[in-house]
Amino acid sequence: MHLDYDYIICGAGASGLSLATAFSLDPLFSKIKILIIDPDFPKVVNDRTWCFWEEKESSWDEMIFHSWKNVLFKSDNFNKNLSLSPFVYKMLKSKSRYNYSNQIISKNSNINSSKAKVLNVLDNGAYCEVKTSSGVYRSKKVFNSILNWDLINNTQKYPLLIQHFEGWFIETEEDFFNTNEATFMDFSINQNSNTRFMYVLPFSKKEALIEYTLFSKNLLNQNEYEDALNEYLKNLGIKKFSIKSKESGKIPMTVFPFEKQNSKNILYIGTAGGWSKPSTGYTFKNIERKTKTLVEFLKENDTNFIKFSKKTRFWYYDLIFLDVLFQNNHLGSKLFIEMFKKNSPNMIFKFLNEQTSFFEEIKIMLSFPKGIFIKTILKRILKIK
Ligand SMILES: Cc1cc2nc3c(=O)[nH]c(=O)nc-3n(C[C@H](O)[C@H](O)[C@H](O)COP(=O)(O)OP(=O)(O)OC[C@H]3O[C@@H](n4cnc5c(N)ncnc54)[C@H](O)[C@@H]3O)c2cc1C
């Protein structure tokens, strides 16, 4: 059987590009024939802003738009200025990240691209078939980053919350912002029985990204996001501002077993592969880490993708946290307040990176209201049985 490619990458967003870039930079993959399929490839737009924290300088620093060493946590009755050391919170505009990868990939003659839409991906055991709007391609392996929302929406077994947000890049008439301090979470807004907060990322005295974020079961009407942002800006005391651009999005918050979609020759990557942290939606650094692991996996000549994903104890922590938040969506602010009150930011960010020891995790878990967590754990155990 003639195969058109060794690898096909479906979707050239953050994870597809991350993988294609890693293949481009590694001489061991220089003879592998690769096809990238995405109607939008190569992307040259600022369709999202990526924020993440890192302990040290990294190759992202050349593309970083702004960074902060301190962030604020706010609520009605608890405010805390968090010094993030040794972490730095960094903001990167997607256009810079896309440009960086597109340039590297375009230099490699073994990587081709198609602007087709992927319709179906099939592993028949010996090879894969990718049906697209402009024909069928056959390859040894497929890396698929196309998220199927229907699949996770239809699962009753695990709670599904959506992280949804609307962000405005605004410019004020007067100097207003302190560029050294971002507001990580501001819960001092109407919770309306949900988990809702504002996120403020100032990058000049007059400019900031203000994002209204919810962790909830349902999306809002567009005017509700806008009303909340307008009210928040008014309450901050910002009377005159212009909106330079907008950003909105939704990220699934679920421990859905994405790895069960994988087969011997098809691997789901990015959010579609469960690489978004279920309890926070943060994905960017996970994509970086998982890409490295995947490249090593391929180099070890392991060709069975069913063996790629491994469940860790953090999956269980995320499950319980999401169970609590799903059943008590109004309690989100209380849970985050307790976590930030009782733990150092360093420990929290290490925990969210899944780099803490078991004893550190116990300490963090003890900072949450115990009754509700014990009840939720018991309910979950009964459900599993
Ligand atoms: C607005 C927004 C802001 C975010 N901010 C952060 C952040 O600050 N920090 C963080 O860690 N995470 C953030 N995330 C979460 C996560 O990092 C991003 O969603 C990230 O882009 C996920 O990468 P991905 O490759 O899984 O998906 P994507 O980047 O969405 O890539 C999927 C690609 O598939 C293509 N595609 C879709 N359907 C088809 C089809 N049928 N055929 C072919 N191609 C197709 C799309 O064009 C797209 O290019 C954000 C998400 C959004 C939506």
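Reader: Which of the 31 residues around the ligand come nearest?

Author: Those are G11, G13, S15, G249 and G270, out of the 31 residues around the ligand. Keep in mind as we go that this is a predicted model.

Reader: Which elements give two or more residues to that shell?

Author: Helix α1 does, and so do the strands β3 (49-54) and β16 (241-253). The largest share comes from β3, with four residues.

Reader: How do the residues of the shell divide into nonpolar, polar and charged?

Author: Around the ligand there are 14 nonpolar, 12 polar and five charged residues.

Reader: Into which domains is the protein divided?

Author: Look for domain 1 (5-48 + 93-154 + 254-307), domain 2 (161-252) and domain 3 (313-384). Domain 1 is written as three stretches of the chain, 5-48, 93-154 and 254-307.

Reader: Why does the ligand lie between domain 1 and domain 2?

Author: Both domain 1 and domain 2 give residues to the shell around the ligand, so the ligand lies between them.

Reader: And what about domain 2 and domain 3: how many Å separate their centres?

Author: Their centres, taken over C-alpha atoms, are 25 Å apart. In the contact, domain 2 takes part with 10 residues and domain 3 with nine residues. The side of domain 2 that touches domain 3 has four nonpolar, five polar and one charged residues.

Reader: Now to the helices. How are two packed helices described?

Author: By two things, the angle between their axes and the distance between the axes. An angle under 35 degrees would count as roughly parallel.

Reader: Is the crossing of α1 past α2 left-handed or right-handed?

Author: It is left-handed. To find the contact on your screen, pick L17, A20, T21, S24 and L25 in α1, then Y98, S101, I104 and I105 in α2. Sorted by class, this contact of α1 with α2 has six nonpolar, three polar and no charged residues.

Reader: At what angle do α1 and helix α5 (residues 284-299) pack?

Author: Again about 40 degrees, with the axes of α1 and α5 10 Å apart. That makes α1 oblique to α5. Here the crossing is right-handed. From α1, the residues A14, S15, S18, L19 and A22 meet F284, I287, E288, T291, L294 and V295 of α5. The classes in this contact of α1 with α5 are seven nonpolar, three polar and one charged residues.

Reader: Let's finish with the backbone. Is the peptide bond from F41 to P42 cis or trans?

Author: That bond is cis, with omega near -5 degrees. You will find P42 in the loop between β2 (34-37) and β3. Another cis peptide bond joins S85 and P86, where omega is about 15 degrees. P86 sits in the loop between β6 (80-83) and β7 (88-93).

Reader: Is phi of N192 positive or negative?

Author: Positive: phi of N192 is near 45 degrees, and N192 is a residue other than glycine. Look for N192 in the loop between β13 (181-186) and β14 (195-202).

How values were computed:
Residues are numbered from 1 along each chain as its sequence is written. This is a predicted model: local features need pLDDT of at least 70, side-chain atom pairs count only at pLDDT 80 or more; totals for chains, interfaces and linings use all residues. A crossing is left-handed if the near helix is turned anticlockwise from the far one by less than a right angle, and right-handed if clockwise. Two residues are in contact if their C-beta atoms, placed from the backbone, lie within 7 Å. Ala, Val, Leu, Ile, Met, Phe, Trp, Tyr, Cys and Pro count as nonpolar, Asp, Glu, Lys and Arg as charged, and the others, Gly among them, as polar. A residue is near a molecule or strand if its C-beta atom, placed from the backbone, lies within 6 Å of it. Domain bounds come from an automatic or database domain assignment. Axes are lines fitted to C-alpha atoms, for helices over the stretch in contact, and angles run from 0 to 180 degrees between N-to-C directions. Angles under 35 degrees count as roughly parallel, over 145 as roughly antiparallel, 65 to 115 as roughly perpendicular and the rest as oblique.
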